[in-house]
Amino acid sequence: MSDKHADVVIVGASHGGSEVSSRLRQGGFTGTIALLGAEPYLPYQRPPLSKAFLAGEMTVEQLLIRSPESYTKAGIEWHPSTVVESIDRTTHSLRLGNGEAFGYGKLVLATGGRPRQLTIPGSELQGLHYMRSIADVDALRPGFVAGAKLVIVGGGYIGLEVAAVAVKHGLDVEIVEFAPRVLARVAGPELSAFYEAAHRAAGVKLRLSTGVEGFDPAPGKPGHVGAVRCADGTVLPADLVLVAVGLVPNIELARDAGLAMGNGIVVDEFTQTSDPDILAIGDCTEHPLPFLDGQRVRLESVPNAVEQARVAASVLNGQPKAYAAVPWFWSDQYNLKLQSVGLSHGHDRVVIRPARTPEGFVAFYLKDGRMIAADCVNSITEFTAAKRLVTEKTIVDPAALADPAVEMKSLLAAKV
Ligand SMILES: Cc1cc2nc3c(=O)[nH]c(=O)nc-3n(C[C@H](O)[C@H](O)[C@H](O)COP(=O)(O)OP(=O)(O)OC[C@H]3O[C@@H](n4cnc5c(N)ncnc54)[C@H](O)[C@@H]3O)c2cc1C
């Protein structure tokens with residue numbers, strides 16, 4: 001039995017875990033901090049995995065959220081390749097994968113999520129890939145070569161971002177999407193249509209309203225995928241397949257320890273779980289969003305993980321400051337930089353504002369006359385203004401919003 005112990009133990013060394021460790025010190029925490037992570041890397045940025053890192057434009061060192069020295073300097077003890085298997089809440093102790101125990105004063109769960117796996121016939125074949133980690137990109141890379149046939153299952157952000165990099169690298173890319181449009185879960189039809197046109201123009205094939213029934217082995221290459229069988233009867237030859245069909249939150253540790261569960265680990269606006277000594281942050285949590293009048297959501301974004309980390313650190317430092325941010329998100333595909341703010345669910349009106357550049361797009365989502373969300377591509381001025389209009393749920397004049405001659409600035413000034 002080991003006598004390892006820290007005053008604050010953070011499980012999960014990624015966006016949330018790194019941020020909470022650093023914010024704790026910034027807030028004056030003088031106790032011991034241990035950051036335990038299953039991966040062999042210091043916390044790194046995940047968004048570039050499907051963008052610049054996959055494109056070979058970034059190294060692992062450039063992915064790191066903070067330098068190795070910054071953890072040492074702040075006295076944050078990092079434990080790589082360390083899997084936490086269970087929590088004993090009575091003894092305030094974790095059981096690690098190597099059988100050791102690790103004691104905690106307070107515990108922060110920042111365990112994130114993992115890609116949803118397919119279990120249809122042929123899912124076990126080699127050449128089928130998922131994308132969540134550096135290891136996943138490393139596994140994909142050898143087959144990611146010009147001329148290879150890549151089938152992407154799922155037309156969400158990760159699928160689309162990988163398609164953009166792949167087609168630029170000369171791969172032959174086809175996306176198979178069950179819904180009638182890409183980004184159906186997260187975006188309005190106008191934004192979906194914008195991205196569908198951009199991908200088609202770049203040479204990506206889109207097969208919409210089509211499920212995938214299974215994967216066939218390659219003739220002469222036993223155990224390796226050779227084709228994707230679609231529900232519409234089409235068989236698509238494939239040298240490699242990326243499955244990007246969503247995320248499953250890593251909640252098992254918390255669930256097995258008896259913490260309250262919803263569509264994630266249930267926390268309040270102070271990231272507090274049902275155990276007063278355990279907090280949880282990031283993709284693994286379900287939390288009330290003040291912006292939605294306390295409606296509970298589980299968000300998958302870096303800004304959310306960082307905001308919850310800020311809240312958790314404030315609580316652990318004895319100066320609790322509740323979750324206050326409005327959700328926002330970004331995506332990079334080709335030279336299209338999307339910035340989205342708010343959540344468009346429940347909108348009753350969409351206002352499209354003609355973009356200032358041919359490669360731009362701006363959609364505002366209104367509910368009862370108030371702006372609740374915006375999607376802006378290559379439109380930083382509109383996004384900056386929308387961030388304020390959405391945060392303040394401003395009543396806006398749709399005609400002025402749609403008129404590019406009306407400056408966004410004046411809408412901010414005119415708010416009631
Ligand atoms: C390819 C890709 C592109 C993305 N692009 C964007 C983007 O453009 N914009 C954006 O806002 N968001 C993007 N995201 C989402 C964003 O990366 C996540 O929201 C963010 O990483 C969440 O951070 P987290 O700390 O909550 O969890 P994670 O980043 O999932 O980290 C959790 C960590 O905990 C570890 N862990 C889990 N269980 C245990 C255990 N029992 N013991 C020890 N360690 C454990 C995991 O190994 C992992 O390292 C993208 C994600 C991916 C995969």
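**Exercise 1.** In which strand is R114 found? Describe its surroundings in this predicted model.

*Solution.* Step 1: R114 belongs to strand β7, which covers residues 113-115.
Step 2: Its relative accessibility is 33%. Buried requires under 20% and exposed requires over 50%, so R114 counts as partly exposed.
Step 3: With neighbours within four places in sequence left aside, R114 contacts G246, L247, V248, P249, N250 and E252.
Step 4: I175 lies 61 residues from R114 along the chain, and their C-alpha atoms are separated by 21 Å.

**Exercise 2.** Locate R353 and state which side chain of opposite charge is nearest to it.

*Solution.* Step 1: R353 is placed in strand β23, residues 349-353.
Step 2: R353 is buried, and the nearest oppositely charged side chain is that of E382, 4.2 Å away.
Step 3: A salt bridge needs a separation within 4 Å; R353 has no salt bridge.
Step 4: The R353 side chain does reach the backbone oxygen of D403, at 3.2 Å.
Step 5: Beyond four places in sequence, residues touched by R353 include V362, F364, E382, D403 and M408.

**Exercise 3.** Describe how the protein surrounds the ligand.

*Solution.* Step 1: There are 33 residues around the ligand, of which S14, E39, R46, K51 and R132 come nearest.
Step 2: Polar side-chain atoms lie 2.6 Å from a ligand oxygen in the case of R132 and 2.8 Å in the case of D283. For V302, a backbone N or O atom lies 3.0 Å from a ligand oxygen.
Step 3: The ligand alone exposes 1,000 Å², and the protein buries 93% of that.
Step 4: At least two shell residues come from each of α1 (15-26), α8 (302-316) and β21 (328-333). The largest share, three residues, is from α8.

Definitions and conventions. Residues are numbered from 1 along each chain as its sequence is written. This is a predicted model: local features need pLDDT of at least 70, side-chain atom pairs count only at pLDDT 80 or more; totals for chains, interfaces and linings use all residues. Side-chain values use heavy atoms; hydrogens and water are left out. Helices (H or I, at least four residues) and strands (E, at least two) are DSSP runs, numbered from the N terminus. Buried means under 20% relative accessible area, exposed over 50%, partly exposed in between (1.4 Å probe, protein chains only). Contact means heavy atoms within 4.5 Å. Lys and Arg count as positive and Asp and Glu as negative; His and the chain ends are not counted. A polar contact is a pair of N or O atoms within 3.5 Å; within protein, one must be able to donate a hydrogen and the other to accept it, and residues adjacent in sequence count only if both atoms are side-chain atoms. A residue is near a molecule or strand if one of its heavy atoms lies within 4 Å of it. Accessible areas come from the Shrake-Rupley method with a 1.4 Å probe; for residues, only the protein chains shown count as cover.
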